[in-house]
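Student: I would like to take a close look at a single part of this structure. Could you please guide me through it in a connected way?

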Amino acid sequence: MPTLPFIGSLFSSSAKDMTNYPVHKSDQEWQAVLSPEQFRVIRQKGTEAPYTGEYDKHMPSEGVYECAACKAPLYKATHKFKSGCGWPAYFDSIPGAVTRHTDRTFGMERTEIVCSKCGGHLGHVFKGEGYPTPTDERHCVNSVSLRFTKDEGEGEAK
């Protein structure tokens with residue numbers, strides 16, 4: 001059966017293989033430590049429904065948001081801002097904590113963000129939307145990809 005190259009581009013991502021990160025586990029090992037929803041979002045690059053996540057309206061003045069899969073520190077509470085998009089929004093990450101990839105799923109090009117330690121899917125970055133932030137970026141992150149700790153540096157990756 002002939003294939004149509006552009007059809008494949010609608011549903012494929014150029015994101016790197018999720019095994020090329022310092023923390024590597026099999027799907028079975030990830031399923032043992034993640035909830036079914038976390039596994040779907042973090043390991044299978046899913047998206048939680050907007051306005052449903054635990055951290056959408058969570059606005060602490062201090063603390064750190066860590067990767068829910070490997071506990072690597074990703075975002076400081078001071079990076080978070082109210083965007084009204086339905087998912088937690090950050091204008092920047094902790095240096096080196098987040099890796100960017102081109103995502104060409106659904107016939108569009110976006111910038112996917114993943115945890116630099118385990119490759120877990122976090123969400124996407126959008127630029128130039130005009131938010132009054134230092135970077136003019138919005139890291140749109142799934143709440144299930146995160147866990148919050150009040151103590152900075154409590155995570156395993158310091």
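Student: Which strand gives the most to the lining of the largest pocket?

Tutor: Please keep in mind that the model is predicted. Strand 7 gives the most to the lining of the largest pocket, contributing 4 residues. The space in this pocket amounts to about 270 Å³. Its lining consists of 17 residues, and those closest to the centre are T47, D103, R110, H121 and H124. At least two lining residues come from each of strand 6 (110-115), strand 7 (121-127) and strand 8 (137-141).

Strand 6 also has a partner: strand 5 (residues 98-103) pairs with strand 6 in the antiparallel sense over 6 bridges. Within this pairing, V114 in strand 6 stands opposite T99. The hairpin of these two strands has 6 residues between the strands, and F106 there takes a positive phi near 60°.

Aromatic rings can be considered next. The whole structure holds 5 aromatic pairs. Y65 counts as buried, at 0% relative accessibility, and Y90 is buried with a relative accessible area of 0%. Y65 and Y90 belong to one aromatic cluster with Y55, Y75 and F148. Finally, the charged end of K80 sits over the ring of Y90, 5.9 Å from its centre.

Notes
Residues are numbered from 1 along each chain as its sequence is written. This is a predicted model: local features need pLDDT of at least 70, side-chain atom pairs count only at pLDDT 80 or more; totals for chains, interfaces and linings use all residues. Side-chain values use heavy atoms; hydrogens and water are left out. On a 1 Å grid over the protein atoms alone, a cavity is a set of points where a 1.4 Å probe fits but cannot get out, and a pocket is an open set with protein on both sides within 12 Å along at least five of seven lines; lining residues have an atom within 4 Å of a point. Grid points are joined across faces, edges and corners, and a volume is the space filled by probe spheres set on the points. Two strands pair if DSSP finds at least two bridges between them. Rings of Phe, Tyr and Trp (its six-membered ring) pair if their centres lie within 6.5 Å; planes under 30 degrees apart count as stacked, over 60 as edge-to-face and the rest as tilted. Buried means under 20% relative accessible area, exposed over 50%, partly exposed in between (1.4 Å probe, protein chains only). A charge sits over a ring if NZ of Lys or CZ of Arg is within 6 Å of the ring centre and within 35 degrees of the ring normal.
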